[in-house]
Amino acid sequence: MSEQPRSTAEMVAAWPLPQGAHLADSVRRALLATLEATVEEGYSEPPPESLATLALGPLLIMLGRLEIDLADARTRIDELERALGTR
């Protein structure tokens, strides 16, 4: 069995993201940079529950983009189905 991550940064780095999930990866990199800056400034590691606060804004932005992309895809699918139906 593999060793469990000990620090908050190790936990964030261990999150399994799907390949090609660029927005999720950018959120993870931003969280890791924030955690690193916190430690470099001499503060102890933030509690894991503060991670939710740090990630909430970027996650909502990602969710909004996903929602818009899905709506756009549905519109394009409807247009293609109508075009194929007129053949």
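Figure 1. The model shown here is predicted. Along its principal axes, the C-alpha trace spans about 65 × 30 × 20 Å.

**Figure 2. Seven residues form the largest nonpolar core.** Look for Val12, Ala24, Val27, Leu31, Leu35, Ala55 and Met62. Helices α2 and α3 (50-85) each supply at least two residues of this core. Helix α2 gives the most, with four residues. In soluble globular proteins, nonpolar side chains tend to be buried together.

**Figure 3. Arg28 sits in helix α2, which covers residues 22-40.** Is Arg28 buried or exposed? Its relative accessibility is 15%, and because buried means under 20%, Arg28 counts as buried. A polar atom of the Arg28 side chain lies 2.5 Å from the backbone oxygen of Trp15. Leaving aside residues up to four places away in sequence, Arg28 touches Val12, Ala13, Ala14, Trp15 and Leu17. You have already met one of these, Val12, in the largest nonpolar core.

**Figure 4. The accessible surface of the chain comes to about 7000 Å².** Carbon and sulfur atoms account for 60% of that surface. Buried residues make up 15% of the 87 residues in the chain. Now think about contacts between residues at least 6 apart in sequence: 41% of them join residues at least 24 apart.

Definitions and conventions:
Residues numbered from 1 in each chain as written. Predicted model: local features only at pLDDT ≥ 70, side-chain atom pairs only at ≥ 80, totals over all residues. Heavy atoms only, no water. Buried < 20%, exposed > 50% of the residue type's maximum accessible area, 1.4 Å probe, protein only. Polar contact = N/O pair within 3.5 Å; in protein donor to acceptor, adjacent residues only side chain to side chain. Contact = heavy atoms within 4.5 Å. Core = buried A, V, L, I, M, F, W, Y, C linked by side-chain atoms within 4.5 Å. Areas by Shrake-Rupley, 256 points an atom, 1.4 Å probe, with all protein chains shown as cover.
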